[in-house]
Amino acid sequence: MSLLTMHNAELAFGERALLDKINLVIEPNERVCLVGRNGAGKSTLLKVLDGKIHLDDGNLLINRDIKIARLEQDPPCANEMNAYDFVASGMENSGEVLKEYHHQLHVIAEDCSEKELNKLQKLQEKIDQLDAWQLDSKINKILERLAIDPDTQLNELSGGWLRKVALAKALVNDPDLLLLDEPTNHLDIIAIEWLEQFLISTKSAIVFISHDREFIRRLSTRIIDIDRGNLSSWPGGYDNYLIAKEDALRVEDDQNAEFDRKLAIEEKWIRQGIKARRTRNEGRVRALKALRVERSARQNVVGKAKINIDDGVKSGKIIFEVENIGYSYDDELILKNFSCTIMRGDKIGFVGRNGCGKSSLLKLFLGELLPDHGLLKCGTKLDVAYFDQYRDTLDPQKSVMDNLAEGRQEVEINGQQRHVLGYLQDFLFHPQRARTPVKALSGGEKNRLLLAKIFLKPSNLLILDEPTNDLDVETLELLEELLANYKGTLLLVSHDRSFVDNTVSHTWFFDGHGNIEQFVGGISDATRHKVQSETSIKPRVDVRVNEIKKGKNPADATQQEKLNYKQRLELDKLPKLLEELENSVNTLQGKINTPEFFKKNKQDADDFLTKLAKAERLFDDAFNRWEKLEQIKDGVTDGENI
């Protein structure tokens, strides 16, 4: 039975229709991704499904007794409530009791009197009655996986951490329908990968908005496209949607061209001389009027942003030279004896957990922070353009135009004067939108404005701190192409795996303990290299089997005599068996690393992982047996009891 059904839904703000007679059905266990341009109505649709916004017309039928939870695009308001209490407040029946119990534990730590112990006991009894102990465990587990201290007050957290707390609240209650608006924003890669696994394993149906293409590929089972008030559904993965959507737009262009050709013919006919008008067909005239109405109602595809960077004067060959610098903040080690040389044209991605020092290193390069020790030299002729993830350079009270041009009507681009409204249209700001205060913009629009502002200035060193948050996919892909062709030097902080892979030449991994590992290539290349390095340090299947194949262990005739006939036969067969088991394990591991694996339902995925665990166990048993027999052969152990 469907969880909810929407029929002929209409919703408009002003003259603009966000939903124009759309139909939608959400089934149990679906993972549906909403895609579309910034401002197309994706977040609005989530609010309609959550009951926060009511339709102008049409029907929304929600199955009785289903639980719905929604992660909003903006983080919660900071206040004195701690993280545990905020997450527990998402539980209707048990939340208040768990909050009281959590507080009472802190009271007991200070005052272990009989009165306070009795209070704790009564709360424990209530939790028993509600069967809520598992919920307490779940709250703590989710907070732990997101690296959130349960006792931290919300007003002590940054915007990114507040968003993590809001995500924990949405996940903890096991809703039947989970609505997520940009769930990966401000999450580091480790948290994103954990979230992917968590959502794939959950029994909830999920409707989510995301511009993280790798996240969409791994999670979605269906794509819903919102375009000019219309909704279209595309079963299957994200890559299939991209191909089908391109074909659909091509068909639409052909149909529009044929319509315009027919309209032009009719317009030419109606403009003929007096004699022709006297004899004209009234039915044809009415048909022409209908064509005019249809043409005026047509909404054309929104164009793509046109982003250009003025590369400026070529910088010196060396951009930064760093020797054994260290930096700490509040007694927390951020960088430990770090050295590097950044050359002109390098494109480096900074990757690691939130709070591990990525933004701090950028500020050290910019001179906003000073190292505790060591030497940091800047190169010559540097023209820096800096994108701040917190958008601190935007004044929320001023209009888009004034933020960009500071009251001027023209801006200079590549040495030429352009009207500010024309330049803003390159970044998809309609003239009316360009006069809107920044505080009224969506997150994606604010990011586009900030990009428009920093790209006004010629630069040969581009420093981008989380530029991809809230940007639609089309703008992301354009920005990727722009950065790939950028002739200057790029320092990029991002958790968008596809974006980093497509733009950088080197990746630096921050371990959170002051160390930075440097790799050639993007995140995928670096991860692959790390896995290979770990495999060489901790030999597993392939290393062990290769040793056996190469005959690295002694096997002289005198030692052979320590084995009985049955054991010698068994030892002779083991290398071939180990090779077969190795191939089986590698094949299964390879399938897990493909996008198709993450499209499986929970039961199929669990069965597959069980199969892999069994194959690895068989290999380990066989290897241990081979090792034992080799020890007997070498005279290390007695073979009588084997």
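These are my notebook entries on a predicted protein model.

**Entry 1: ground rules**

I number residues from 1 along each chain as its sequence is written, and my side-chain values use heavy atoms, with hydrogens and water left out. Since the model is predicted, local features need pLDDT of at least 70 and side-chain atom pairs count only at pLDDT 80 or more, while totals for chains, interfaces and linings use all residues.

**Entry 2: confidence**

I looked up pLDDT, the predictor's confidence in each residue, from 0 to 100. The protein chain has a mean of 80, and 82% of its residues reach 70 or more. Confidence is highest in strand 7 (residues 205-209), at 94, and lowest in helix 21 (residues 557-560), at a mean of 40.

Next I checked residues 535-545, where pLDDT stays under 50. The model has 17 contacts for them beyond four places in sequence, a contact being heavy atoms within 4.5 Å. Residues 547-561 are also below 50, with 19 contacts beyond near neighbours in sequence. A note to myself: where pLDDT is low, the predicted coordinates should not be read in detail.

**Entry 3: nonpolar cores**

Which residues touch the most other members of the largest nonpolar core? I found Ile139, Leu171 and Leu199, in a core of 54 residues. Helix 6 (residues 159-172) gives the most to this core, with eight residues. By nonpolar core I mean buried Ala, Val, Leu, Ile, Met, Phe, Trp, Tyr and Cys residues joined through side-chain atoms within 4.5 Å. Buried is under 20% relative accessible area, exposed is over 50%, and partly exposed is in between (1.4 Å probe, protein chains only).

I then followed Leu199. Leaving aside neighbours within four places in sequence, Leu199 is in contact with Arg31, Leu171, Leu178, Leu180, Ile206, Phe215 and Leu219. Apart from this core lies another, of 44 residues, among them Val400, Leu421, Leu462 and Leu482.

**Entry 4: a covered helix and strand**

Helix 1 (residues 42-49) has seven of its eight residues buried, so it is largely enclosed by the rest of the structure. I listed the buried ones: Lys42, Ser43, Thr44, Leu45, Leu46, Val48 and Leu49. Just after helix 1, Gly51 takes a positive phi of about 80°.

Strand 12 (residues 347-352) is mostly covered too, with six of its six residues buried. In a regular strand the side chains alternate between the two faces of the sheet. Here Lys347, Gly349 and Val351 point one way, and Ile348, Phe350 and Gly352 the other way.

Which strands pair with strand 12? I count two strands as paired if DSSP finds at least two bridges between them. Strand 18 (residues 489-493) pairs with strand 12 in the parallel sense over four bridges, with Leu491 as the bridge partner of Ile348. Strand 19 (residues 506-510) is also parallel to strand 12, over five bridges, and there Phe509 stands opposite Val351.

**Entry 5: salt bridges**

Side chains of opposite charge can pair when their charged atoms come close. My rule for a salt bridge is a side-chain nitrogen of Lys or Arg within 4 Å of a carboxyl oxygen of Asp or Glu. The count comes to 15.

I picked Glu30 and Arg222, which meet at 2.8 Å, N to O. Glu30 lies in the loop between strand 2 (16-26) and strand 3 (31-35) and Arg222 in strand 8 (residues 222-227), so the pair ties together parts that are 192 residues apart in sequence. Both Glu30 and Arg222 are buried.

Then I looked at Glu96 and Lys99, whose closest N and O atoms are 3.1 Å apart. They are three residues apart in helix 3 (residues 95-110), separated by about one helical turn. Glu96 counts as partly exposed, at 45% relative accessibility, whereas Lys99 counts as buried, at 14%.

Asp85 lies in helix 2 (residues 83-88). Not counting residues up to four places away in sequence, Asp85 touches Lys99, His102 and His103.

Conventions:
Helix = DSSP H or I, 4+ residues; strand = E, 2+ residues; numbered from the N terminus.
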